[in-house]
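Subject: Structure handover

Hi,

Here is the structure I promised to pass on. Please open it first, then read my notes below.

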Amino acid sequence: VSALGRAALVVLALVAWRTAAVPALEERWERARASAAPPPGAGTVNQNWSDPLGALLGPELLREGQRLAAELPPAAPRPGADRAIEPELVALAAALIEREGLGGTRTSPVVAATEGGDPWRGVEPRARPRLLRALVEAGKLDAPTRATVLTAVLAHLADIRAADAAK
Amino acid sequence: MLRDTGTRWSGVLGWVGVAVGYVLASAALLWPLPAHFGTHVWGDRFDAWTTLWLMDHLSAQIAAGTLTATTDSILFPVGYNLWSFGHAALQLVGVALMLLGVPLVTAYNVLLVGGLASSGLGAHVLGRTLHGGHRGGWIAGLVFMTSPYLYGEGAAGCVELVAAGMIPWFAASVVWLVRAPGWRNGLLVALSLALVGPFNWYYTLFTGMLGVGLLVWQLVARRHAAAAWLTAAMVLAAALDAPLIPLVRRETPARPPLDVGSVQLAQPWTDKVAFSDGLLPLDSLTESFLEEQDALEVIDNSTQLSLLVSAPFSLNPLDSTPGAFAFAVGLVGWAAAGRRGFGWGAILLGATLLTLGPFLRVDDQPPVPRAAAEWPLPYYWFYQYVPFFSKAYRPYRIGVVALVALAALASAGLAALESEHRRLPGRLLVAALALVGLSQPAWSGDRPMWRPLADTALPPVYEALAELPRGGVVELPLQYQPLTVANARYQYAQIAHRQPLLNCNQLIRRTDLFAFVGYVQANSFLSTLVDLGRKRGSLAFSGADVAAARADGFRYVIQHTRVETGDAQLASRDITADFLGEPAGRLLERALGAPVLEADGVRVFGLPEPGTPLPTRWIDTGSDVVDLDPPVDSAQLGLPLSVAPGGEVELYTGEASQLSFWAQAAAGPAPVVRVRSEAATVDLPVDVTPGTWSWVRLPVAADGPVTLLFGAGEGGAALHVTRMQVVR
């Protein structure tokens with residue numbers, strides 16, 4: 001086989017690796033995580049880096065969220081925004097809403113149940129995972145309020161996407 | 001003759017062009033940093049602030065002719081040995097820039113960009129050597145310098161790790177030696193290897209590992225002359241670096257052995273999280289405990305299999321690998337190079353295996369599974385039994401050796417393709433790869449290009465502090481872990497006030513941490529100041545210990561009533577550690593009197609002069625302090641407390657003499673604090689400095705019980721609030 005042929009074969013193998021093998025492996029590992037006991041220190045904060053929200057919420061919920069998030073249109077990058085966390089945020093918010101039995105509310109208007117106004121107005125994207133984590137961990141808000149806030153998250157993100165699309 | 005001279009000049013100019021190209025490529029990769037070169041740094045973690053401090057300290061001390069190995073400018077009065085930083089030569093470059101008049105932040109960023117460019121250039125030399133032309137150099141340089149490993153270390157502020165170009169340069173020198181064995185090339189190999197030492201201990205070890213790999217390759221290929229010269233060169237390099245060994249020992253104290261049993265237990269890992277969060281009391285930080293933490297750190301700093309499989313462009317260096325781009329280009333290159341790539345491929349596989357650390361872990365969830373602990377990986381045996389190997393206690397960083405192999409394979413593969421297909425558009429291919437590689441931060445993995453930069457400006461009040469009489473400073477809260485960015489900046493602020501500082505951002509080595517704990521624990525005043533923001537309940541210290549601290553040279557205690565919003569965000573949920581409340585605030589005032597300096601949200605208290613009569617004991621039980629639980633705790637929820645138009649939110653009912661809370665402005669007007677008593681209703685305005693979390697303390701002047709509320713006008717109001725307290 002020529003050098004070009006060998007290189008082409010490896011390119012094909014890498015494509016197959018990324019598109020088939022990696023997702024399959026990740027799903028398998030997620031299943032293993034789901035059946036394992038919570039890790040020591042789960043729910044506490046690492047000194048330098050935020051805990052993965054998935055570790056707190058559980059892989060089943062995360063996976064469901066990822067499935068729902070995949071249905072959302074992709075977002076264009078915005079300068080100054082922390083895009084890295086947003087797909088995860090969308091995934092979790094969507095999954096939580098699903099769990100609360102509010103499927104289909106992703107386009108609902110923001111219900112101002114938390115003392116008036118859009119609770120996400122002025123909230124930096126970086127701060128949002130903390131909200132979600134706290135909601136889930138501490139049960140600070142009751143289920144309807146939580147669902148409302150999460151709906152607001154998705155509405156907010158939908159606004160961003162609409163604005164991006166309009167540019 | 002003239003033609004020779006012309007060719008030589010053409011070659012020199014070609015290399016100048018290549019060097020300029022890598023500087024531009026580095027600037028592109030690190031964008032938007034170049035647009036804020038003199039004011040911001042790329043990195044929100046702690047090494048950036050530490051390195052900035054170190055560069056300034058060194059240049060100031062050298063300029064004054066007062067540089068000593070141990071300084072009390074930090075970790076005062078215990079002292080901190082500057083050799084602990086372990087990358088002296090790189091610092092000298094930075095210091096030279098500063099002595100030439102380059103401002104600190106610009107010099108730091110020049111080091112970062114220059115380090116990245118030199119990494120690309122070093123790999124370029126290797127690639128050109130293997131390929132025979134600059135195209136091979138560019139492909140190797142791009143694979144090497146656009147790796148998430150180098151990017152992540154740069155973002156974390158570890159500039160000494162970004163400057164990795166000497167490793168591929170060393171590999172190139174070995175290739176020259178193999179092609180033409182002899183003393184000249186042997187000496188070049190020895191000097192190349194020895195030169196890494198003063199720049200970076202880690203990389204000296206890694207370069208040595210690469211040298212051993214290349215040596216084995218020569219032995220397998222029966223190139224005995226090359227193997228003999230390479231062995232001699234490495235021995236000479238080791239001899240040249242031998243005087244540095246005591247300094248290496250200081251930088252990384254003896255690593256404890258790995259305990260296969262304890263890594264499978266949950267408790268040590270739970271303790272590790274609490275330790276990392278700075279939540280453990282000082283008396284629990286025994287030497288044996290810290291040794292156990294050091295051992296677990298090795299596992300935590302190993303590449304997880306799940307990350308290796310997908311090789312994402314992670315910003316967190318602990319999650320970094322050579323990256324999908326480098327793996328893809330390198331592996332395709334290996335396939336094209338065929339048997340010629342065997343040696344580099346073996347080095348790639350070996351180095352990648354070592355990055356997995358002592359035990360195979362699929363993900364970052366401890367503890368280590370039983371099967372993985374019972375079947376340790378090669379790293380474990382090297383760590384336990386090969387002298388000096390344990391100094392490479394962050395296995396993921398061995399990925400830089402894998403990167404060298406990938407860069408070499410990429411250029412070797414391009415050479416094979418071009419020799420087989422003369423009309424292959426090599427330049428176009430390299431240009432396309434450059435576009436993909438350099439744009440990764442914008443679209444791949446964590447997409448770190450979109451993260452905010454960190455502003456390096458310091459409050460002017462620190463310059464006023466410099467004018468006060470010389471004396472030791474404690475910035476509050478005092479932490480034994482680099483917990484928050486605001487806290488990490490305290491050491492950086494020392495460059496403005498120049499007073500010796502107890503706070504130290506570099507207590508990551510257990511020897512220094514143990515010295516800190518030993519000193520602070522012996523003084524009830526100083527130990528009370530540790531983690532003061534998260535302490536609850538009674539606080540107490542003796543007058544004798546305040547006097548002892550003053551006798552040791554301490555003169556100032558600094559309380560912060562503002563924290564920059566950006567710093568707070570980066571601290572995640574740990575931001576509450578920065579927020580001092582009651583009774584700490586009033587106890588400081590009682591014990592130390594009015595601040596001697598107050599501005600920019602910084603309150604500087606002076607310790608009593610020697611000989612001042614002091615009470616036997618200060619104690620504040622905090623029994624009259626009530627921690628409130630408002631409807632929204634913004635530090636936890638990231639959500640402002642919103643008040644509907646014309647509405648109110650009740651906060652507290654009962655006896656109250658003061659309401660305090662930490663607040664950050666939200667969109668729209670802030671609510672007023674409404675004090676409702678039987679006699680009257682009074683509205684108190686809430687004053688918050690924009691862009692900060694501010695400590696708001698409002699006296700409540702009313703007889704009898706009151707109801708405290710947030711009230712809004714017609715437009716509604718919102719405010720981020722946390723750490724809300726009432727003093728009855």
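Which helices of chain B each supply at least two residues of the lining of the second largest pocket? In this predicted model, they are α9 (183-199), α10 (201-220), α11 (224-241), α12 (245-251), α17 (342-355) and α19 (378-385). The largest share comes from α10(B), with 11 residues.

Some figures on that pocket. The space in it is about 1100 Å³.

Next, the nonpolar cores. The largest one holds 175 residues. Five residues have the most contacts inside it: B:Tyr203, B:Trp344, B:Phe516, B:Phe525 and B:Val557. Helix α4 (residues 104-131) of chain B gives the most to this core, namely 13 residues. There is also a second, separate core. That one has 27 residues, including B:Leu641, B:Val643, B:Tyr652 and B:Ala717.

Take a look at B:Phe516 while you are there. Leaving aside residues up to four places away in sequence, B:Phe516 touches B:Leu75, B:Leu478, B:Gln479, B:Tyr480, B:Leu502 and B:Leu507.

B:Ser59 sits in helix α2 (residues 46-64) of chain B. Is B:Ser59 buried or exposed? B:Ser59 counts as buried, because its relative accessibility is 7% and the cut-off for buried is under 20%. The side chain of B:Ser59 reaches the backbone oxygen of B:Asp56 at 3.0 Å. Residues up to four places away in sequence aside, B:Ser59 touches B:Val95, B:Met98 and B:Leu99.

Finally, chain A and its confidence scores. Chain A averages a pLDDT of 52. Of its residues, 19% score at least 70. Among the elements of chain A, helix α1 (residues 3-35) has the highest mean pLDDT, 88. Helix α2 (residues 53-57) of chain A has the lowest, 40.

Over residues 71-88 of chain A, the pLDDT is below 50. The model gives this stretch 40 contacts beyond near neighbours in sequence. Over residues 97-131 of chain A, the pLDDT stays under 50. For residues 97-131 of chain A, the model has 87 contacts beyond four places in sequence.

That is the handover.

Best wishes

Note on methods: Residues are numbered from 1 along each chain as its sequence is written. Chains are lettered from A and ligands numbered from 1 in the order in which they are written. This is a predicted model: local features need pLDDT of at least 70, side-chain atom pairs count only at pLDDT 80 or more; totals for chains, interfaces and linings use all residues. Side-chain values use heavy atoms; hydrogens and water are left out. A nonpolar core is a set of buried Ala, Val, Leu, Ile, Met, Phe, Trp, Tyr and Cys residues joined through side-chain atoms within 4.5 Å. Buried means under 20% relative accessible area, exposed over 50%, partly exposed in between (1.4 Å probe, protein chains only). Helices (H or I, at least four residues) and strands (E, at least two) are DSSP runs, numbered from the N terminus. Contact means heavy atoms within 4.5 Å. pLDDT is the predictor's confidence in each residue, from 0 to 100. A polar contact is a pair of N or O atoms within 3.5 Å; within protein, one must be able to donate a hydrogen and the other to accept it, and residues adjacent in sequence count only if both atoms are side-chain atoms. On a 1 Å grid over the protein atoms alone, a cavity is a set of points where a 1.4 Å probe fits but cannot get out, and a pocket is an open set with protein on both sides within 12 Å along at least five of seven lines; lining residues have an atom within 4 Å of a point. Grid points are joined across faces, edges and corners, and a volume is the space filled by probe spheres set on the points.
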